[in-house]
Amino acid sequence: MIGSLGLMFAAFSVASTHAEPASRPSEFRKDVAVEWIYRQQIDDVYFTNWYGRLEKTDGPWCDVYFETSDKYVNKGLIRLNCDDPEADIDFTLYGVGEYGDAETARQITISYGDRRPWADGNYQDMFGETPTIEFYGAALERFCK
């Protein structure tokens, strides 16, 4: 399984070279700049651009703020382990609620064993317009240098 995930992440690195502005103001957080991370192609016409910024690091762990503002609104934090590709991935998702509002937050942890269902679109906790495994790969590549 590690080999197939490695191949998926390698494919994402090609997609992450898409020309987008280096940074822009966040649409949900005042005085915060975000940079383009990943373009999620929905179908032939529609896509969602994912933006983000590094919030903090703690050893191999990094917290990345992310947002979209296209057809669907997503915002939250993803916690990545840059040294261990099998570590759990933690998300705090806010959807249409205010960023940081504990009442609207949705906490999700994706274990290594749940990554295949997530990639296949069968992971119940990540149904709907939430971060994709491709976004995860692009965020790893961008923030774990």
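Colleague: What should I keep in mind about the model and the numbering?
Modeller: The model is predicted, so local features need pLDDT of at least 70 and side-chain atom pairs count only at pLDDT 80 or more, while totals for chains, interfaces and linings use all residues. Residues are numbered from 1 along each chain as its sequence is written, and side-chain values use heavy atoms, with hydrogens and water left out.

Colleague: How many aromatic pairs does a search of the whole structure find?
Modeller: The search gives 8 aromatic pairs. Rings of Phe, Tyr and Trp (its six-membered ring) pair if their centres lie within 6.5 Å; planes under 30 degrees apart are stacked, over 60 edge-to-face, and the rest tilted. One of them joins Trp50 and Phe66, at 5.8 Å centre to centre with 50 degrees between the planes, and is tilted.

Colleague: Why is the pair of Trp118 and Tyr136 called tilted?
Modeller: Its ring centres are 6.0 Å apart and its planes stand at 50 degrees, so the pair is tilted. Trp118 lies in helix H2 and Tyr136 in helix H3, 18 residues apart; helices are DSSP runs (H or I, at least four residues), numbered from the N terminus.

Colleague: Are Trp118 and Tyr136 buried or exposed?
Modeller: Both Trp118 and Tyr136 are buried, and so are Trp50 and Phe66. Buried means under 20% relative accessible area, with a 1.4 Å probe and protein chains only. Of the 145 residues of the protein, 40% count as buried.

Colleague: Which residues do ring pairs link into a cluster?
Modeller: The cluster holds Trp50, Phe66, Phe91, Trp118, Phe135 and Tyr136.

Key. Buried < 20%, exposed > 50% of the residue type's maximum accessible area, 1.4 Å probe, protein only. Helix = DSSP H or I, 4+ residues; strand = E, 2+ residues; numbered from the N terminus.
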